[in-house]
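Subject: Structure handover

Hello,

Here is the structure I said I would pass on. My notes on the ligand sites come after it.

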Amino acid sequence: MKKKLLLLAVAVLFVSFFISAGLFADSTPQDIINMESKAYTEHKKGICEFPHKKHAEDLKLECGTCHHDDKGAALELKAGDDVQKCIECHNKPGEKPKGKDAPKLTPKQKREYHADMMHAQCKGCHKDYNKENKTKAAPATCKGCHPKTN
Ligand code: HEC
Ligand code: HEC
Ligand code: HEC
Ligand code: HEC
């Protein structure tokens, strides 16, 4: 019995050491994620602070609502799993070219544009949610997500 308790104490010590050393930092969902993807050479808009924990825990959204695999199939995740950044697949920074000179893109090419995909996922849900619940709690305007910087 005593031996078991000692083992448990050692295990707890180990885990708290690793957590405080930040070694799990990349594998447990963070509270707030600064959406500042490294592939961008510049951000024209203020950096969006994404309350990840609020979405995953308070709003109780399934991880796979947002995280999917290379076929687009929802991923079942648990804390500790590795997650690919959106930009690893939607790998063109910014929005797709617009206007009359813009090239015609296939659906697959359109999906490459990171900012469009972020907007589709984030704003898409927010708009639906606000409409259904007659609220404005979920930001759907530019400055609701991109704070003014100047
Ligand atoms: C509302 C959408 C959404 C939900 C729900 C969601 N995530 Fe995320 N998650 C994101 C986005 C967006 C990022 C940032 C990815 C990027 O920078 O490309 C992210 C990043 C992460 C990361 C890496 C960043 C970090 O925190 O260190 C992990 C791990 C992660 N999510 C796990 C989970 C798990 C586990 C769940 C379910 C309990 C979950 N996510 C639910 C959207 C979501
Ligand atoms: C491993 C590669 C991969 C990662 C990582 C990934 N996606 Fe995707 N995503 C895809 C593929 C492939 C599709 C197309 C699925 C299909 O054909 O239905 C897709 C589809 C989408 C769509 C729907 C696009 C449309 O035109 O219907 C959105 C929105 C989206 N992803 C957003 C995100 C966000 C946000 C993240 C990060 C949280 C993310 N994706 C991470 C590969 C990925
Ligand atoms: C599946 C639905 C869904 C998706 C996807 C989603 N959100 Fe939300 N989000 C919500 C809801 C619902 C709220 C409102 C919560 C409330 O009542 O305060 C919200 C609120 C927010 C808020 C305001 C938080 C606050 O505390 O007031 C921000 C910022 C936000 N979301 C950013 C994002 C970003 C960035 C993404 C994409 C990476 C995203 N959301 C994807 C459902 C979603
Ligand atoms: C629900 C939140 C949300 C809303 C609303 C939103 N965005 Fe974004 N936007 C994002 C996220 C998240 C990214 C990805 C940034 C990153 O990962 O670096 C992004 C990226 C961008 C980018 C590319 C990065 C940059 O700063 O140059 C532009 C441009 C942009 N958004 C413009 C807009 C405009 C214009 C509007 C209003 C019409 C808007 N966004 C509304 C969340 C939002």
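This is a predicted model: local features need pLDDT of at least 70, side-chain atom pairs count only at pLDDT 80 or more; totals for chains, interfaces and linings use all residues.

Ligand 4. His-119 and His-146 coordinate the iron atom of ligand 4, each through NE2, at 2.0 Å. The site of this iron atom has 6 donor atoms and is octahedral, with angles of 88 to 180°. The two histidines link distant parts of the chain: His-119 sits in helix 4 (residues 114-133), while His-146 belongs to the segment after helix 5 (142-145), 27 residues apart. His-119 is partly exposed, at a relative accessible area of 28%. His-146 is partly exposed too, with a value of 22%.

Ligand 2. There are 16 residues around ligand 2, and those that come nearest are His-68, Cys-86, Cys-89, His-90 and Gln-121. The side chain of His-68 places an N or O atom 2.7 Å from a nitrogen atom of the ligand. For His-90, a polar side-chain atom is 2.8 Å from a nitrogen atom of ligand 2. By class, this shell holds 6 nonpolar, 5 polar and 5 charged residues.

Ligand 3. Ligand 3 is surrounded by 19 residues, with Lys-54, His-55, Cys-122, Cys-125 and His-126 the closest. An N or O atom in the side chain of Lys-54 is 3.0 Å from an oxygen atom of ligand 3. Nitrogen atoms of the ligand are involved with His-55, at 2.8 Å from a side-chain N or O atom, and with His-126, at 2.8 Å from a polar side-chain atom. Helix 4 gives the largest share of the shell, 6 residues. The shell divides into 13 nonpolar, 4 polar and 2 charged residues.

Regards

Key: Residues are numbered from 1 along each chain as its sequence is written. Chains are lettered from A and ligands numbered from 1 in the order in which they are written. Side-chain values use heavy atoms; hydrogens and water are left out. Donors are N, O and S atoms within 2.8 Å of the metal (3.2 Å for Na, K and Ca); water is not among the atoms, so sites may look incomplete. Four donors count as tetrahedral if all angles lie between 85 and 135 degrees; four count as square planar and six as octahedral if opposite donors are over 155 degrees apart and all others between 65 and 115; anything else is irregular. Helices (H or I, at least four residues) and strands (E, at least two) are DSSP runs, numbered from the N terminus. Buried means under 20% relative accessible area, exposed over 50%, partly exposed in between (1.4 Å probe, protein chains only). A residue is near a molecule or strand if one of its heavy atoms lies within 4 Å of it. A polar contact is a pair of N or O atoms within 3.5 Å; within protein, one must be able to donate a hydrogen and the other to accept it, and residues adjacent in sequence count only if both atoms are side-chain atoms. Ala, Val, Leu, Ile, Met, Phe, Trp, Tyr, Cys and Pro count as nonpolar, Asp, Glu, Lys and Arg as charged, and the others, Gly among them, as polar.
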